[in-house]
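Take a look at the fold below.

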Amino acid sequence: MNLKKHSICVLFCFTSLISLNAQNKITYQKVEARQNALDPKWVAYDAKTIDKLPGFKIKKQLPSSIYGGSKMWQKEATGFFRTEKIDKRWWIIDPEGYPYIFKGVAVFNAGRSVNQQKAFDKKFGSKENWVNKESKLLRDNGFNGVGAWSNVDLVKNAENPLVYTVIISPMGMYHADHIKKYGGKYKEASWQNYRFDLVMVFDKEFDAYIEKSVKGISQYKNDKYLMGYFTDNELPWYNDALDKHLTLLAKDEQGYIAAKEWLDKRKGFNASVSDITQEDRMAFTAFYFETYMKKVTDALRKADPNHMYLGCRFNQDKEQELTNPEIFKVAGKYMDIISINHYRKWEPSQELMNNWGEWSGKPFLITEWYTKGEDSGLPNNTGAGWLVRTQKERGLFYQNFTLELLKNKNSVGWHWFKYMDNDPQDLSTDYSNRDSNKGIVNSNFEPYQPLLKEMKLINDNAYELTRYFDKKN
């Protein structure tokens, strides 16, 4: 080949490569988001969506089990939900042995405010009519279950029950009485409102509240539609718990005594706060957390040996427990699925999700997450979810977030928070649930169709998407 022809060939190949790269470069939709309605700063993020996945084709859905699992394959049927790791991916296995990705909505109930009750009466007329119609709404949009704080009694007795979860709050019950000893307000407490950010796991009085909280769950132990149990929500498992037990509690308090005995035994001498290392802090956090875990799981297993323990709903806020390997090692000993409430991030981190699985040896479930729409007409000043401009963009956020979850082999599903918007006139709720667009329906029970349209695309294709991602990885 002469030099001229060679130069033409090189130029042609180089130009073709540039053209091919340009074709393969994916341009995602941009979605602007901000922390809440009071935040002046909008930041643009890429929203990965199902239509932008190279080579992914939407196929006809395989038949579903009665629980909303996929009949793509079948394993041992045990009659209750369980988990199994298959080809490096964790799965929930439904009672018939089919794979089940938990695509749920939390707080599936009809509201309690005066305005919500008026709208309920006008649209549904009865609780039974509500649960049957709105269960169908969820199913029609690809959801297959409900999360914490749902109306369990109505759900389980519906014509066509959804898979459900039960939340009990032993520490929450104890906390409600504990704070009364301090006149209804602690001298020092942050947003979770625990004294000095300490969970009172060492108090012998706590044990009675555990027994009280599990007393009624035996009614569920033979129900195949029950996924499992949560205990409490977003307890403060912070890494400075050892220091706080020893410096902020009185020396006759049970928490101080337990922490001092633990430190002295670990050090082999009469230790003080100045002797504490970072390794000590992490190890104590694990011991402190395990004290809670052992107590609640012993009681749960005794009351109901058939269903899974779904954990205590870790909090994303300060991320301390979410980056502490010792916490996850303990969680893996007791939890069947690790529950995590995920806020203030545009999407979950693959590295962190991999760590959760590696540290614990268990799968995880995202149990709270949402974003709010500026077009809802609500103030949107409260709550941890970010604010976007439209309901469609809420749906694009949903697609982006769930695609990252489906990529990860430790993830077994998610619960959108929540079914219905807040009613700003209902001042009986806690502040974080006061005035925001969190629901898939508004306070008049009107569905946000642009949101649900985007949700349905992911929900209906979730099982096929796991195959797609697993082939790529």
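What percentage of the residues in the protein is buried? The figure is 56% of the 473 residues. Keep in mind that this is a predicted model.

Start with the secondary structure. The protein has 13 helices and 16 strands. Along the principal axes, the C-alpha atoms fill a box of roughly 90 × 65 × 55 Å. Does the radius of gyration agree or disagree with a compact globule? It agrees, because a compact globule of 473 residues would have a radius of gyration near 23 Å and the protein has 25 Å.

Next, the contacts. Take those between residues at least 6 apart in sequence. Of these, 70% join residues at least 24 apart.

Now the surface. The protein exposes about 21400 Å². Carbon and sulfur atoms supply 52% of that area. As for charge, there are 69 positive and 60 negative charges. Their mean positions lie 5 Å apart.

Finally, the rings. The structure holds 48 aromatic pairs. One of them joins Trp369 and Phe397. Their ring centres are 5.8 Å apart, with 50 degrees between the planes. Where do the two residues sit? Trp369 lies in the loop between β13 (364–368) and β14 (371–373). Phe397 belongs to helix α12 (residues 391–407).

How values were computed
Residues are numbered from 1 along each chain as its sequence is written. This is a predicted model: local features need pLDDT of at least 70, side-chain atom pairs count only at pLDDT 80 or more; totals for chains, interfaces and linings use all residues. Side-chain values use heavy atoms; hydrogens and water are left out. Helices (H or I, at least four residues) and strands (E, at least two) are DSSP runs, numbered from the N terminus. The radius of gyration is taken over C-alpha atoms; the globule rule is 2.2 Å times the number of residues to the power 0.38. Buried means under 20% relative accessible area, exposed over 50%, partly exposed in between (1.4 Å probe, protein chains only). Contact means heavy atoms within 4.5 Å. Accessible areas come from the Shrake-Rupley method with a 1.4 Å probe; for residues, only the protein chains shown count as cover. Lys and Arg count as positive and Asp and Glu as negative; His and the chain ends are not counted. The place of a charge is taken as NZ of Lys, CZ of Arg, CG of Asp or CD of Glu. Rings of Phe, Tyr and Trp (its six-membered ring) pair if their centres lie within 6.5 Å; planes under 30 degrees apart count as stacked, over 60 as edge-to-face and the rest as tilted.
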